[in-house]
Amino acid sequence: MLTPLCVKVRPTVTFYGMLVVVIERNDFVGELRAAVPEARGSVTEHFADNEDELLLHPLMSDLLRLTIVTFADGRLDTTDQLLAFVDRCLREGDEDVVNAVAVSFVEDFGAYAGESDELLDRWPPRLRAELGR
């Protein structure tokens, strides 16, 4: 007798003719850790501060601050990884993830010390377009 295999099927969307996997709230942290290994400390701190609960909006604000710090420190590879991941979340995220990007990353830009036009120039075009909406 065969044992049924339980496989989680993640939702997909078509984006410019390509099938992409949607970044869901429950998969967000794993996707972040894979895309931006240097964000692990921020993730660990986030869970410690929030009783092991994922709060997307505060974590997205943490990622904005991490982007500012890595840029100021000259760690441009990490800055670009963060921006690429957040841009991907804007394009491929579920409703919760897209909302967190729009509200707590994009709309918060300009609220923290160290933000600059030079950093904004590094933003991918779609992420930057969201700032102008």
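This is a guided tour of the structure above, stop by stop, for a reader with a viewer open.

**Before starting**

The model is predicted, so its local features are reported where pLDDT is at least 70 and side-chain atom pairs where pLDDT is 80 or more, while totals for chains, interfaces and linings use all residues. Residues are numbered from 1 along each chain as its sequence is written, and side-chain values use heavy atoms, with hydrogens and water left out.

**Stop 1: the whole chain**

The chain has 7 helices and 2 strands, and along the sequence they follow the pattern β-β-α-α-α-α-α-α-α. Helices (H or I, at least four residues) and strands (E, at least two) are DSSP runs, numbered from the N terminus. Of the 133 residues, 41% count as buried; buried means under 20% relative accessible area, exposed over 50%, and partly exposed in between, with a 1.4 Å probe and protein chains only. Contact, a term used at several stops, means heavy atoms within 4.5 Å. Among contacts between residues at least 6 apart in sequence, 60% join residues at least 24 apart.

**Stop 2: the loop between H2 and H3**

Select glutamate 51, which is located in the loop between helix H2 (40-49) and H3. Glutamate 51 has a positive phi of about 50 degrees, although it is not a glycine. Is glutamate 51 buried or exposed? Glutamate 51 is exposed, with a relative accessible area of 75%.

Select aspartate 52 next; the loop between H2 and H3 holds this residue. Aspartate 52 has a positive phi of about 60 degrees and is not a glycine. Its relative accessible area is 65%, so aspartate 52 counts as exposed.

**Stop 3: helices H3 and H4**

Select residues 56-72 for helix H3 and residues 76-92 for helix H4; the two pack at an angle of about 150 degrees, with their axes 8 Å apart. The axes are lines fitted to C-alpha atoms, for helices over the stretch in contact, and angles run from 0 to 180 degrees between N-to-C directions. H3 and H4 are therefore roughly antiparallel to each other. Angles under 35 degrees count as roughly parallel, over 145 as roughly antiparallel, 65 to 115 as roughly perpendicular, and the rest as oblique.

To see the contact between them, show the side chains of Met60, Leu63, Leu66, Thr67, Thr70 and Phe71 in H3, which meet Leu76, Thr78, Thr79, Leu82, Leu83 and Val86 in H4. The residues of this contact divide into 8 nonpolar, 4 polar and no charged. Here Ala, Val, Leu, Ile, Met, Phe, Trp, Tyr, Cys and Pro count as nonpolar, Asp, Glu, Lys and Arg as charged, and the others, Gly among them, as polar.

**Stop 4: serine 61**

Remain in helix H3 and select serine 61. At 10% relative accessibility, serine 61 counts as buried. Which residues does serine 61 contact, leaving aside its neighbours within four places in sequence? They are Ser104, Asp108 and Tyr112. Glutamate 107 is 46 residues from serine 61 along the chain, and their C-alpha atoms are separated by 9.9 Å.

**Stop 5: alanine 102**

Move to helix H5 and select alanine 102. Alanine 102 is buried, with a relative accessible area of 12%. Neighbours within four places in sequence aside, alanine 102 is in contact with Glu107 and Glu130.

**Stop 6: the aromatic pairs**

How many aromatic pairs does a search of the whole structure find? The search finds 3. Rings of Phe, Tyr and Trp (its six-membered ring) pair if their centres lie within 6.5 Å; planes under 30 degrees apart count as stacked, over 60 as edge-to-face, and the rest as tilted.

Select phenylalanine 28 and phenylalanine 85: their ring centres are 5.4 Å apart and their planes are at 55 degrees, so the pair is tilted. This pair links distant parts of the chain, with phenylalanine 28 in helix H1 (residues 28-35) and phenylalanine 85 in helix H4, 57 residues apart. Phenylalanine 28 is buried at a relative accessible area of 0%, and phenylalanine 85 is buried at 2%.

Finally, select phenylalanine 109 and tryptophan 123, an edge-to-face pair with 5.0 Å from centre to centre and 70 degrees between the planes. Phenylalanine 109 lies in the loop between helix H5 (95-106) and helix H6 (117-120), and tryptophan 123 in the loop between H6 and helix H7 (125-131). Both phenylalanine 109 and tryptophan 123 are buried.
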